[in-house]
Structure formats: structure tokens, C-alpha cells
Amino acid sequence: MPTLPLSILMVFLPLSLVTIGGGQSAIAEMHRQIVDVHHWMSAAQFVDAFAIARLAPGPGSLLATLIGWQIAGFWGAIAATVGIFGPTALLIYGVAHIWSRYEGARLLRALERGLRPVAAGMILAASYVLIQSLEGGWIARGMALASTALLMLTPVNPLLLIGSGAGCFVGLHMLGLV
Amino acid sequence: MNPKPDQLAERPNASQLFLIFARIGLTSFGGGLSGWMLREFVQRRRLMSEEDFLNGLSIAQALPGVNVTNMAIWIGYKLAGRSGAIACWLGIVVPAAFIIVLIGSLFASLKGFALTHVALGGAAAVAIGLSLAMGLTAARRVPRRAFPLAIMVATFIAVAFLKWPLLWTVLGAGSLSVTVAYYFES
């Protein structure tokens with residue numbers, strides 16, 4: 001395997017194990033590694049990839065696949081996918097395998113309860129980092145907050161909301177506002 | 001309503017499991033899949049009992065990894081052992097991976113138009129709302145006690161402001177928090 005996909009693999013392997021409570025929690029660290037540490041993408045490119053991953057179906061962590069593809073093509077995509085999904089896949093497989101013999105109810109409860117505040121802190125940090133990278137100033141930030149409120153208070157379809165966000169921005173751009 | 005084990009339907013083989021999860025992966029947008037999987041596997045196809053499913057769900061959420069892919073491996077293993085786990089995992093990841101690369105290339109080929117980046121900016125602004133809403137929902141479920149709240153705030157500060165490497169932050173805050181939950185809260 002060429003060296004760039006290998007470096008991508010080494011970035012995503014440890015990221016896999018910090019995706020607690022879903023892929024969202026690792027996005028802040030993904031951003032740090034890809035944009036700040038390795039300079040593989042600009043902050044704007046990263047936010048674009050994030051938006052595309054949100055528009056596409058499937059697990060949100062496929063953002064890693066897209067990033068790998070954009071940095072290093074086919075092998076980059078393979079390396080990022082194996083990296084982000086591999087370790088946790090082996091972990092849950094191991095747990096499923098021993099679950100029948102080992103009744104881990106108390107440990108499981110402690111894991112679930114103990115990791116809850118950590119996951120909440122990480123997801124909020126990810127949102128904060130992403131808002132910082134957003135172009136479009138206060139209008140864009142206002143839209144992010146408005147969509148947060150809509151998602152929490154109404155049963156709105158997220159895909160429709162993302163589509164209208166894109167449309168809204170194009171309209172504002174034509175008016176010269178963003 | 002719960003089917004008894006002897007009423008459970010005949011178990012699907014690995015390639016059928018692959019197709020079921022490929023469909024779930026390709027039709028799911030923005031999360032909220034566990035309810036859908038419960039309907040598909042427990043209520044409609046009666047492939048596993050509700051208890052088995054819920055056990056798997058809490059483990060899938062507690063362990064690191066995307067809940068949906070964790071759940072796919074759990075269900076696959078329950079229904080068809082190792083090959084089932086592999087089939088379900090491939091089903092949920094691979095077809096959707098092709099689609100995202102396809103969509104990404106589509107946008108890349110439209111990059112010449114300034115509006116593409118503007119439209120993606122608008123989509124991203126709203127998509128961050130998804131992230132923030134999930135973060136706030138998760139924060140709401142954190143017990144209103146000093147210790148868990150302190151862990152949450154410390155994690156946020158370490159990641160957002162101090163930009164500490166996430167792996168060490170999680171190992172540190174996570175093991176402390178889980179230890180306290182194990183010995184003092186159960």
C-alpha cells in the first residue's frame with residue numbers, strides 16, 4: 001500500500017475507538033487531524049465534505065470514506081473506511097461472541113451511564129468546532145441555531161431541511177448577503 | 001405481541017442479511033434507525049425477540065462505534081454467526097460507501113460553479129444543526145448531578161478549546177466516569 005493511504009489508515013484507526021454515541025463525537029478530532037495536523041484538506045473543504053456526508057444515506061461515519069477518497073482516491077477511501085469502522089467492528093463482534101456466556105449487566109450499565117456525559121461533551125464540542133469553520137458569518141450561524149431548534153421541537157424531515165438550507169444560501173448569495 | 005422463540009421465522013442466510021442491511025443503509029438519512037430496525041427484525045420479520053434486540057441496542061450504544069453498524073454486527077451474529085456478522089456489516093457499509101463517493105464526485109465536478117460551494121455552505125449550516133441537536137439531546141439525558149455534569153463540561157473544554165487529542169481525553173474522562181458509575185451509582 002502506498003504511504004499516503006497508510007498514513008490515512010493510521011489517523012482513522014484510533015478515531016474509530018472514540019466514536020462513542022455515534023460518529024458525531026469523533027468529528028472534532030477528525031477535523032483537527034485532517035485540517036490542522038496533516039493539512040490534507042482546508043477547513044472549507046472539510047465542511048463541504050461534512051455537508052455531503054449529511055446529504056448521503058447510510059452511517060454518518062462514511063464521512064471518513066469521502067475524506068479518504070478526496071485525499072488519496074480509491075486506496076484512501078478503503079484505508080479510511082477500514083480505519084474508522086474496523087476496530088469497533090471487532091470490538092462489538094467480540095462482545096457479541098462472549099455475551100451468551102458472560103452476563104455483563106452491571107458493567108454494561110456502568111459503561112452506558114459513565115460514557116453518556118463524555119459522549120455529550122464530545123458531540124457538543126464537535127458542533128462548536130464545525131460552527132467555527134462555517135463560512136457565511138452570522139447568517140450561517142443563525143441558520144445552524146434555527147435548524148437545531150426546528151429539529152428539536154418539530155418532527156421535520158432532516159433531508160428536506162438540509163435541502164432548504166442549501167437553497168436558502170443560494171438565494172442569499174444572489175442577494176449579495178453571503 | 002412478542003413472538004416466542006418457536007414462533008420465530010426461519011432465519012435468513014448471509015446473503016439475505018446482506019440485502020436487508022444494504023436496504024437499511026441506503027434508505028437511512030440522518031440517523032434514527034433503531035426504531036426502524038426494531039420494526040424490521042422483531043415485529044415484521046420476527047427474526048429475533050424484543051429482549052434480544054434491546055440487549056443488543058444498549059450494548060451497541062455503550063460501546064464505541066456507530067450504533068447502526070454495531071447493531072448490524074450484533075444482529076448478524078445472533079442470526080447467522082460469523083458469516084452473518086460479516087454480511088450485515090458489509091451490507092450497511094459498502095453500498096452506502098459507493099453512494100457517498102459518487103455524490104462527492106458529483107459535487108467535485110460541479111466545483112467550477114461558485115454556487116456549488118455556496119449551496120454546500122448552506123447545507124452544512126443546517127447539517128450542523130443536526131449535530132448540535134443530537135448533542136443537546138445527549139446532554140439532556142446526562143444525570144443532573146455534579147460529577148456527570150463536570151465530566152461533560154470538562155470533555156467539552158478539553159476537545160473544543162484545549163484541542164487535546166480525543167483518544168486520551170476519552171480514555172481519561174471515560175474510564176474515570178465509568179469507574180464512578182460502576183462503584184457508586186449501581
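The model as a whole scores ipTM 0.76 and pTM 0.77. Chain B has an average pLDDT of 83, with 90% of its residues scoring at least 70. Among the elements of this chain, α6(B) has the highest mean pLDDT, 93, while the lowest, 73, belongs to helix α2, residues 34-44 of chain B. Where pLDDT is low, the predicted coordinates are not to be read in detail.

Turning to chain A, the model shows 7 helices and 0 strands, which gives the pattern α-α-α-α-α-α-α when read along the sequence. The C-alpha trace of chain A spans about 65 × 45 × 25 Å along its principal axes. Chain A comprises 178 residues, of which 55% count as buried. Considering the contacts in chain A with a separation of 6 or more, 59% come from residues 24 or more positions apart.

The two chains meet through 81 residues of chain B and 89 residues of chain A. On the chain B side, the elements that give two or more residues are α1 (14-27), α3 (50-62), α4 (67-109), α5 (114-140), α6 (146-161) and α7 (166-184). The largest share of this side, 23 residues, is supplied by α5(B). By residue class, the side of chain B that touches chain A consists of 57 nonpolar, 21 polar and 3 charged residues.

Helix α1(B) has 14 residues, and its first and last C-alpha atoms are 20 Å apart, close to the 20 Å expected at 1.5 Å a residue. Its buried residues are B:Ala14, B:Leu17, B:Phe18, B:Ile20, B:Phe21, B:Ala22, B:Ile24 and B:Gly25.

B:Met71 counts as buried because it has 27 C-beta neighbours inside 10 Å, where the cut-off is 20 or more. Between B:Met71 and B:Tyr183 lie 112 positions in sequence, and their C-alpha atoms are 28 Å apart in space.

Definitions and conventions. Residues numbered from 1 in each chain as written. Chains lettered and ligands numbered in written order. Predicted model: local features only at pLDDT ≥ 70, side-chain atom pairs only at ≥ 80, totals over all residues. Helix = DSSP H or I, 4+ residues; strand = E, 2+ residues; numbered from the N terminus. Buried ≥ 20, exposed ≤ 12 C-beta atoms within 10 Å, placed from the backbone. Contact = placed C-beta atoms within 7 Å. Nonpolar A, V, L, I, M, F, W, Y, C, P; charged D, E, K, R; others polar. Expected span 1.5 Å × (residues − 1). pLDDT = per-residue confidence, 0-100.
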